[in-house]
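Here is a short briefing for a first look.

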Amino acid sequence: MAGSNQTPYYTPTSKPSSATLPFSSWKKLNPYYSLAAVTFLCCACYYAGYLQHSSVGLRVLTTSTIASTTNCFSSQNNTSITTSRVSSTSSSSPLDFRTHHAADDGGAVAPDDAVKIYPPCDVKFSEYTPCEDQKRSLKFKRDRLIYRERHCPEKNELLKCRIPAPYGYKNPFKWPLSRDLAWYANVPHKELTVEKAVQNWIRFEGDRFKFPGGGTMFPNGADAYIDDIGKLINLKDGSIRTAIDTGCGVASWGAYLLSRNILAMSFAPRDTHEAQVQFALERGVPALIGVIASKRLPYPSRAFDMAHCSRCLIPWGEYDGTYLIEVDRVLRPGGYWILSGPPINWRKHWKGWERTREDLNAEQTKIEQVAKSLCWKKFVEKDDIAIWQKPYNHLQCKESRKMSRNPPMCPAQDPDKAWYTEIETCLTPLPEVSSEDRVAGGQLEKWPKRLHAIPPRISRGTVEGITADTFKKDSQLWKRRMSYYKTVNNQLGQPGRYRNLLDMNANLGGFAANLVDDPVWVMNIVPVEAKVNTLGVIYERGLIGTYQSWCEAMSTYPRTYDLIHGDSVFTLYEDRCEMEDILLEMDRILRPEGSVIIRDDVDILVKVKRIADGLNWDSQIVDHEDGPMEREKLLFAVKSYWTAPATQESKIY
């Protein structure tokens, strides 16, 4: 392990030692002796460095090693790092990535003049979701559910404190047990157990919740319901990998698809069904807070192989079919839209739904008309399930629409632009094809070949600056990086330690691709400020993700993720927003005893570490996987375990 007594690296400004021969003495030596001596010294130094990094393994950077390393670089990048700046980096003890449920310390941090301390927030903020704050939402129009969209606080409203976990918080059950169980203390809400009691969504038993897998339209359980879908379309051959569930409830549909190698992005608004998305995340199932309203969903075009709505209460036929038009944008050519619940099979259920036959018949007629205008074909309707299929291309669609142009084809636009972008009541045109048997945008490989095959967006040259060769090199790079990560944090290789992962700047999805065989899932973020929009590539690989600006909060609950990874995030946002606000958001969405991996320039990481110390994270900066001469370093951290103090109500359970 590197320490303060380590021989510093040679720098042009270092002074010669007393043992160094004067230059005039060297001139007198035979040049062959000089050459031999220099060669010997070079080899000895190289061998010493090799031993240091191969035998010791992880090299933790202390005050002296950071200072000496930065001196090796050009003067324009050389930054003077004082002892006070990096005093907190001097610990060389390895991080403990295991969970311990440490005794509650109230989040206290020892005072340190060099570190700004971030105090705990009030307990009332324990479930704070800044951009879906219920009080703020009341200021916006209720028409089309606009008040439930993202509405973020102004800069002067941002909290500068750490969100507390509720009293008694425990680490979630390990996957796959977490699919069926969650601790009451982690999500202390019983509303759904009463409101959805007869629908078998969730039960409260003792100190935990149980999820029987039921749903409003699948009383026999999500597994049996998915089996019914599987009798109508093929869920086993790898052609369906990514799915989206609108109005997901507690995400049982997505939870039971995982055993079929289908990865669903589930979302629902933060509404009167308290904590439904929070329950989904606590179960270890991908989910976000979201709603189809006036803005596009934060996903690229042609992202999902399958879209699903089970009594999601979205008025699909209203507003000129706006919501189905948005589903069409994110649905892959040849993809399926599945609808169960009103108005499907209304002849059987109309009395139980407390609606008239005429009303339900009119609703289904509108949906059928909108689907037809989008050139979808009715694939099948059986019992309570109806399925439509999007065309593989728009050749026939354009011909058939010469007479009826409602909705019109959208003019030239970027169909992948989806961050605060208005939904348009026009049909997103598919990429051109040469014949009717061609798939618009390119044919995808079936899963799992899809993961490592060259994505069509890259092979077709539609992603600026990224080629097939770039993709292959990136895949090799992340294979090496993940191997290094696991030597630093050996818990990454331990099944069950982590379940929900977040990659803050995913690029081509290499981080997630190298974890696909582990019992984890990764939310891949492509920042809207990124130079190249690669989220479409990520979906073509069979992975999931969303757009996000890290100058704002994420649409998720506190304590969502077990591990957060950030590659060059702070370089990307250096002149855009405050570093402390990004780290406070990371702290909000990270579980107690969750882990962080940040890679960035050494000067930036020193600043990050100082803020991390103020957040009471245990952190260390270590060398790049290619050695100490790289300016890029890595910060590994673990968030401390602490909770809000006990209240009278929390002591009851």
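Which residue does a disulfide join to C375? The partner is C397, with an S to S distance of 1.9 Å. This is a predicted model, where local features need pLDDT of at least 70, side-chain atom pairs count only at pLDDT 80 or more, and totals for chains, interfaces and linings use all residues. Residues are numbered from 1 along each chain as its sequence is written, and side-chain values use heavy atoms, with hydrogens and water left out.

**Disulfides**

- The structure holds six disulfides, a disulfide being a pair of cysteine sulfur atoms within 2.5 Å.
- The link of C375 and C397 is right-handed, with 70° about the S-S bond.
- C375 sits in the loop between α11 (357–373) and β9 (377–382) and C397 in helix α12 (residues 395–400), so the pair ties together parts that are 22 residues apart in sequence.
- Helices (H or I, at least four residues) and strands (E, at least two) are DSSP runs, numbered from the N terminus.
- C397 is buried, at a relative accessible area of 4%; buried means under 20% relative accessible area, exposed over 50%, and partly exposed in between (1.4 Å probe, protein chains only).
- C375 also counts as buried, at 18% relative accessibility.
- C309 and C312 form another disulfide, with sulfur atoms 2.0 Å apart.
- Their link is left-handed, with -95° about the S-S bond, and both C309 and C312 are buried.
- C551 is joined to C577 by a disulfide (S to S 2.3 Å).
- C551 counts as partly exposed, at 34% relative accessibility.

- Three bridges join β2 to β3 (residues 208–210).
- E205 stands opposite R208 in β3.

**A covered helix and strand**

- Eleven of the eleven residues of helix α18 (residues 579–589) are buried, so α18 is largely enclosed by the rest of the structure.
- Strand β15 (residues 590–601) is mostly covered, with eleven of its twelve residues buried.
- β15 runs parallel to strand β14 (residues 561–567), and six bridges join them.
- In that pairing, D567 stands opposite R599 in β15.
- β15 also pairs with strand β17 (residues 632–639), in the antiparallel sense over seven bridges.
- There, K633 in β17 is the bridge partner of D600.

Notes
Pairing = 2+ DSSP bridges.
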